[in-house]
Amino acid sequence: MPKVTIDGVMIEVPEGTTILQAARMIGERNKADRHVVPPAMCYYTNLKTSGGYCRSCLVKVSKGSDRDPRPMPKPVASCRTNVMDGMEVQNTTSPELLDARKGVVEFLLINHPLDCPICDQAGECHLQDLSYENGTEASRYEFERRTFVPIDIGDTIKLHMTRCILCYRCVKVADQITDGRVHGVINRGDVSEISTYIQNAVDNDFSGNMIDVCPVGALTDRTFRFASRVWFTKPEDAHRSCERCSGRVVLWLKGNEVLRVTGRKDQWGEVKEFICNTCRFEKKDLADWKVEGPRHIDRHSVIGQGHYELETKQQLLKAPAPNVPELVRNKELKER
Ligand code: SF4
Ligand code: FES
């Protein structure tokens, strides 16, 4: 099995593993080593042929392999480059690489509006995290940015093309998860856009997964739009018996109100089990679900900073405990 070293951390991985996957294996093995994991805006483990579009996962290969130790002449997309035995990779330890990644972020933000204060994706947006961690303070772009009028693609999904970074993830979902390919990216270069044929996909039982895979706020859930900032909601794992999907979801609650239902995302922000539209859009009553407990959001974004898990623990601890001031008052009343 080939051995690869990323930012000085070594791992042995199965043949055919990409640098990004190897880095994630290191991050899963030891949380303290997560800095070796490059950001990824278009790669998605459960979507075949994803990756290779956004370039945010660039890394520097400072040693090709034991057999051919020459460095690779330019940064490579880690989601599309397989590891070789003895390979050495730099993710955060190369200043040129960090500079190249800044350039990628600048490109991704050329047309993307800075409307985070009114965007439903704020707080769980991968582009927000990427630009915060890897971007520059200002853009050098002086030309007119392209804009689109947001459109409703069916009853439940809003397409805000201005925010799209053309990662192709939603196209892969439509292609691989829904029945029949009905949309894609039309045109090329700076006039590329997600085709409005996407409207035909919304009848499909699994089309809502396009919302979950979209790394930015280009595809949003119309049943949740503007209902609440996501950090004011409480994510709870829940399940129901469903004949179309696993029925294992995350409920985003405000009090006992179910504001939104999504798939469960892992530490890399990817859904492992895609859910059907019935679970996502039609089961908004808490009684429809068996709640398992607070969802741990294993990301560094603002939701991960919420205290909902602690609050739930405190509630559980408090619930059976006697209310001391009340006991004292009762005792006083009895004594009177
Ligand atoms: S709409 Fe979202 S998921 Fe689809 S290509 Fe654009 S950014 Fe990617
Ligand atoms: S994640 Fe590798 S190119 Fe987009």
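Two residues are in contact here if their C-beta atoms, placed from the backbone, lie within 7 Å. That criterion applies at several stops of this tour, which runs through a predicted model.

**Whole protein**

The protein contains 8 helices and 14 strands. Of its 336 residues, 36% are buried. Consider next the contacts between residues at least 6 apart in sequence: 63% of them join residues at least 24 apart.

**Helices α2 and α3**

Select residues 95-108, which form α2, and residues 126-134, which form α3. Colour H126, L127, Q128, D129, L130 and S131, the buried residues of α3. These buried positions pack against α2.

Now display the side chains at the contact. From α2, select R101, K102, V105 and L108; they meet L127, L130, S131 and N134 of α3. Sorted by class, this contact comprises 4 nonpolar, 2 polar and 2 charged residues. The spacing of such positions can be read against a general rule. An α-helix has 3.6 residues a turn, so residues three or four places apart point the same way.

The axes of α2 and α3 are 10 Å apart, and the two helices pack at an angle of about 140 degrees. α2 is therefore oblique to α3. As for handedness, the crossing of α2 and α3 is left-handed.

**Ligand 1**

Move to ligand 1 and select its surroundings. The shell consists of 14 residues, the closest being C164, C167, C170, C214 and A218.

**Helix α4**

C170, one of the residues closest to ligand 1, is also among the buried residues of α4. Select residues 169-176 to see the entire helix. Helix α4 is mostly covered, with 6 of its 8 residues buried. Those to colour are R169, C170, V171, K172, V173 and A174.

**I275**

Next, centre on I275, in the loop between β13 (257-262) and α6 (277-282). Leaving aside neighbours within four places in sequence, select C245, V249, G263 and R280, the residues in contact with I275.

The last stops concern backbone torsions. Most residues other than glycine have a negative phi. Which value does phi take at R55? Phi of R55 is near 65 degrees, a positive value in a residue other than glycine. To locate R55, follow the loop between α1 (19-29) and β3 (58-63). R55 has 19 other C-beta atoms within 10 Å, so it is partly exposed.

Finish at F226, in the loop between β10 (219-221) and β11 (234-239). Phi of F226 is also positive, near 60 degrees. With 9 other C-beta atoms within 10 Å, F226 is exposed; the cut-off for that class is 12 or fewer.

Terms used. Residues numbered from 1 in each chain as written. Chains lettered and ligands numbered in written order. Predicted model: local features only at pLDDT ≥ 70, side-chain atom pairs only at ≥ 80, totals over all residues. Buried ≥ 20, exposed ≤ 12 C-beta atoms within 10 Å, placed from the backbone. Helix = DSSP H or I, 4+ residues; strand = E, 2+ residues; numbered from the N terminus. Near = placed C-beta within 6 Å. Axes fitted to C-alpha atoms, helices over the stretch in contact; angles between N-to-C directions. Parallel < 35°, antiparallel > 145°, perpendicular 65-115°, else oblique. Left-handed = near helix turned anticlockwise from the far one by under 90°. Nonpolar A, V, L, I, M, F, W, Y, C, P; charged D, E, K, R; others polar.
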